[in-house]
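Me: I have a structure to go through and would like to ask some questions about it. Could we take it piece by piece?

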Amino acid sequence: MHNLIGDVSSAARILPDLDGETLFIRNGKGAYLWDVQGRRYIDTALGFGAVLLGHANERVNAQVAIALGDSAAPSWAHAREHAAASALAAHTGALSKVIFTNSGSEAVHLACRAARAYTGRGKIAKMAAGFDGWFDDVSFGNVNSSQACFSDQQRPSTPRTTLLRFNDFDDVQRLFDEDPDIAAVILEPMLANAGCIMPAPGYLEHVQKVARAHGALLISDEVLMGFRQSAGLASHQAGLDPDIASVGKAIGNGVPVSAIVGKAHILAGFEEGRVQRGGTFSGNPMACAAVMSTLDLLDNADYVQLIARGERLREAIVDIFRAEGITVSTSGYGNVFSLWPSPQPPANYAQALAFANAEFSTALHLALRQAGLLVMPSVFGRLYLSFEHSDGVVLEMTAAFKVAAAKLTARFAAGRPAPAA
Ligand SMILES: Cc1ncc(COP(=O)(O)O)c(C=O)c1O
């Protein structure tokens with residue numbers, strides 16, 4: 001009898017069987033994962049973006065092990081928590097106050113609570129089809145939900161959440177004209193979980209400006225994008241000035257940790273005890289050790305080189321498919337990007353829905369998996385590169401793509417008969 005529902009605790013981990021076999025991972029190191037049969041794969045899911053330094057980084061793991069040896073749960077204030085907060089705040093500019101949590105969803109939840117407490121308003125506006133975690137308020141309007149695509153005058157809302165159309169400039173003003181109860185807009189620096197949809201030039205700044213003009217805060221959800229393009233916040237790199245940011249994933253290299261960072265006056269309610277926070281495991285020693293050692297390594301990491309390597313990989317992938325008569329495009333950045341079976345990547349979610357082809361994405365996942373490369377099977381999946389994805393690993397990846405593209409050509413090349421349903 002199977003006791004674990006669907007074999008996985010998070011639905012994001014569900015994979016199709018290959019040759020009747022379910023994939024179970026045994027271990028990982030650097031850019032690679034091994035399954036229980038001992039087969040090796042290059043990993044591009046990387047803990048859904050958490051593992052930026054590569055799997056099982058020795059320096060991070062050593063510090064986490066020491067923290068575990070010192071007590072996993074010391075209950076009271078401990079030195080690592082202070083040091084980790086200082087290390088994080090050293091990278092986040094005006095967002096100088098820190099509260100640690102455990103998962104990205106928790107951090108977003110706390111950020112939304114902070115915004116409601118500060119403004120006295122009830123609603124959070126999130127990007128339709130954005131993914132800001134799986135908690136009730138913000139999972140409304142998630143990618144693939146029935147609310148994620150809507151027309152004017154039909155904005156889906158609950159008493160606590162309302163939606164904005166990403167990259168639609170007019171929709172921002174319209175939202176604030178319609179609704180005076182918005183505490184904050186939460187946005188990602190790109191709509192990553194809907195397939196790395198890039199912001200139109202000036203769009204993010206426009207959202208910030210309109211939100212501010214109406215007394216609402218800006219929350220930058222950087223659980224996925226924070227510390228990915230540089231050792232700091234993606235919103236700051238994009239020229240934004242958020243009031244609060246949620247970070248997670250890359251700050252702990254796969255060890256469960258997340259945080260909110262915010263401006264001191266915005267988070268004062270927590271400091272003064274007027275707003276609740278908690279969590280048995282929030283700011284635990286292993287998480288804090290992971291943050292300190294990860295940030296230390298990221299400070300000396302060559303992001304420019306990594307992103308350039310990924311950009312070359314993106315171009316190579318497009319060329320490989322073109323040689324097989326299949327048109328694809330990519331969106332995002334060199335170390336986090338999506339692949340589209342379309343001549344151009346989508347500029348908004350409506351286009352993303354039109355371009356998505358589940359049959360293509362599943363077939364590509366299976367063909368690459370057979371060739372030793374693990375990519376997400378979803379139509380909006382992303383490929384991540386870690387600092388362990390060296391030129392040599394990227395070369396192996398292009399070889400796997402060549403094998404997979406050759407397999408897919410019979411079904412997906414232009415001019416071929418439509419695939420069987
Ligand atoms: C932008 C963003 N926000 C929040 C979350 C939720 O984080 P977690 O899965 O750690 O709860 C994710 C997870 O993928 C994310 O990408």
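Me: Which helix gives the most to the shell around the ligand?

Reply: In this predicted model, that is helix 4, residues 104-119, which contributes three residues to the shell.

Me: How many residues surround the ligand, and which are the closest?

Reply: The ligand is surrounded by 14 residues. The closest are S103, G104, S105, V223 and L224.

Me: How do the residues of that shell divide into nonpolar, polar and charged?

Reply: Five are nonpolar, six are polar and three are charged.

Me: Staying with helix 4, is E106 buried or exposed?

Reply: E106, which is found in helix 4, counts as buried because it has 24 C-beta neighbours inside 10 Å, and 20 or more are enough for that.

Me: What does E106 touch?

Reply: Leaving aside residues up to four places away in sequence, E106 touches T101 and S258. F24, by comparison, is 82 residues from E106 in sequence and 27 Å from it in space, C-alpha to C-alpha.

Me: And E178, buried or exposed?

Reply: E178 is exposed, because 12 other C-beta atoms lie within 10 Å, and 12 or fewer is the condition for that class. E178 belongs to helix 6, residues 169-178.

Me: How far apart are E178 and R155?

Reply: In sequence E178 and R155 are 23 residues apart, and in space they are 9.8 Å apart, C-alpha to C-alpha.

Me: New topic: what is in the largest nonpolar core?

Reply: The largest nonpolar core has 127 residues. The members that touch the most others are A111, A115, A184, V185, L217, I244 and V291. Helix 10, residues 285-299, supplies the largest share of this core, with nine residues. At least three residues of the core come from each of domain 1 and domain 2.

Me: Why would such residues gather together?

Reply: In soluble globular proteins, nonpolar side chains tend to be buried together.

Me: Which residues does I244 touch?

Reply: I244 touches L95, A111, A114, A115, L217, I219, I260, G262 and I266, with residues up to four places away in sequence not counted.

Me: You mentioned domains. How is the chain divided?

Reply: The chain is divided into domain 1, made of 5-53 and 302-412, and domain 2, which covers 58-299. Their C-alpha centres lie 26 Å apart. The contact between the two takes 25 residues from domain 1 and 29 residues from domain 2.

Me: Which elements of domain 1 supply the side that touches domain 2?

Reply: Helix 1 (46-49), helix 11 (303-323), strand 11, strand 12 and helix 12 (349-355) each supply at least two residues of that side. The residues of this side of domain 1 divide into 17 nonpolar, seven polar and one charged.

Me: How are the strands joined?

Reply: Strand 11 and strand 12 pair over five bridges, and a hairpin joins them through two residues. In that pairing, T330 has L339 as its bridge partner in strand 12. Strand 12, residues 336-340, is joined to strand 14 by two bridges, and the bridge partner of F337 in strand 14 is L383.

Me: How many residues of strand 12 are buried?

Reply: Five of the five residues are buried, so strand 12 is largely enclosed by the rest of the structure. Both of its faces are covered, with V336, S338 and W340 on one side and F337 and L339 on the other.

Me: One last topic: what is the phi of D19 and of N253?

Reply: D19 has a positive phi near 50 degrees, and N253 has a positive phi of about 50 degrees. Neither residue is a glycine. Most residues other than glycine have a negative phi.

Me: Where are they, and is each one buried or exposed?

Reply: D19 lies in the segment before strand 1 (25-29) and is exposed, because 6 other C-beta atoms lie within 10 Å. N253 is in the loop between strand 9 (244-247) and strand 10 (258-262). N253 counts as buried because it has 31 C-beta neighbours inside 10 Å.

Methods: Residues are numbered from 1 along each chain as its sequence is written. This is a predicted model: local features need pLDDT of at least 70, side-chain atom pairs count only at pLDDT 80 or more; totals for chains, interfaces and linings use all residues. A residue is near a molecule or strand if its C-beta atom, placed from the backbone, lies within 6 Å of it. Helices (H or I, at least four residues) and strands (E, at least two) are DSSP runs, numbered from the N terminus. Ala, Val, Leu, Ile, Met, Phe, Trp, Tyr, Cys and Pro count as nonpolar, Asp, Glu, Lys and Arg as charged, and the others, Gly among them, as polar. A nonpolar core is a set of buried Ala, Val, Leu, Ile, Met, Phe, Trp, Tyr and Cys residues joined through C-beta atoms within 7 Å. Domain bounds come from an automatic or database domain assignment. Two residues are in contact if their C-beta atoms, placed from the backbone, lie within 7 Å. Two strands pair if DSSP finds at least two bridges between them.
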